[in-house]
Amino acid sequence: MQNPYPPNPQPELARERNRIAADRSLLSFIRSSVTLISIGVGINQVSSIFVPIVSYLGYWIYLLSVLMVGVGVITLVFAAHDYRGELKRLQQPEYYFTPRWSLGGVTGWIILVAGLLTLLRLLRTPVY
């Protein structure tokens with residue numbers, strides 16, 4: 001006897017929707033990582049012009065640029081790892097939600113702390 005009801009497409013639609021959301025998330029983290037790396041490189045290039053004028057900021061500007069590039073690279077690595085894990089979870093027969101840390105939130109907190117430390121150092125630096 002045939003089933004009078006068509007198969008329910010909801011689970012497959014949900015998987016497809018989650019796959020597309022994971023793709024969008026990866027692309028947005030790539031964009032954010034490229035922005036952070038570009039800002040770090042830009043700060044380093046601009047500092048090479050102004051360090052002879054304000055030499056006492058040279059180390060801190062260099063440290064800030066290295067930190068921005070480092071956070072950008074680390075964000076990209078974690079985003080790729082998270083994307084790969086999400087694709088593996090989508091291929092499982094029983095797809096389930098697993099709560100985890102927000103990569104955007106962690107990256108935002110790292111940048112906030114780095115910015116506050118840099119601001120405190122700049123405020124403590126004497127102006128000649």
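**Salt bridges, core and surface**

Mentor: A salt bridge here is a side-chain nitrogen of Lys or Arg within 4 Å of a carboxyl oxygen of Asp or Glu. This is a predicted model, where local features need pLDDT of at least 70 and side-chain atom pairs count only at pLDDT 80 or more, while totals for chains, interfaces and linings use all residues. Residues are numbered from 1 along each chain as its sequence is written, and side-chain values use heavy atoms, with hydrogens and water left out.

Trainee: How far apart are Asp-23 and Arg-19 along the helix?

Mentor: About one helical turn, because they are four residues apart in helix α1. Helices are DSSP runs (H or I, at least four residues), numbered from the N terminus.

Trainee: How many salt bridges does the structure hold?

Mentor: Two. Glu-86 forms one with Arg-89, and their closest N and O atoms are 2.8 Å apart.

Trainee: Is Glu-86 buried or exposed?

Mentor: Glu-86 is buried, with a relative accessible area of 8%. Buried means under 20% relative accessible area, exposed over 50% and partly exposed in between (1.4 Å probe, protein chains only). Arg-89 is buried too, at 18%, whereas Asp-23 is partly exposed at 25%.

Trainee: Switching topic: which residues make the largest nonpolar core?

Mentor: Ala-22, Leu-26, Phe-29, Ala-79, Tyr-83, Leu-87, Leu-90 and Leu-103. Its largest share, four residues, comes from α2. A nonpolar core is a set of buried Ala, Val, Leu, Ile, Met, Phe, Trp, Tyr and Cys residues joined through side-chain atoms within 4.5 Å.

Trainee: And what is Ala-22 in contact with, beyond its neighbours within four places in sequence?

Mentor: Tyr-83 and Glu-86. Contact means heavy atoms within 4.5 Å.

Trainee: What about Ser-65, buried or exposed?

Mentor: Ser-65 is buried, at 3% relative accessible area, and lies in helix α2. Not counting residues up to four places away in sequence, Ser-65 touches Gly-40, Ile-43 and Asn-44.

Trainee: Which backbone oxygen does its side chain reach?

Mentor: The side chain of Ser-65 reaches that of Tyr-62, at 2.8 Å.

Trainee: Last one: which helix holds Leu-112?

Mentor: Helix α3, residues 103-124. Leu-112 counts as partly exposed, because its relative accessibility is 41%.

Technical notes:
Helix = DSSP H or I, 4+ residues; strand = E, 2+ residues; numbered from the N terminus. Polar contact = N/O pair within 3.5 Å; in protein donor to acceptor, adjacent residues only side chain to side chain.
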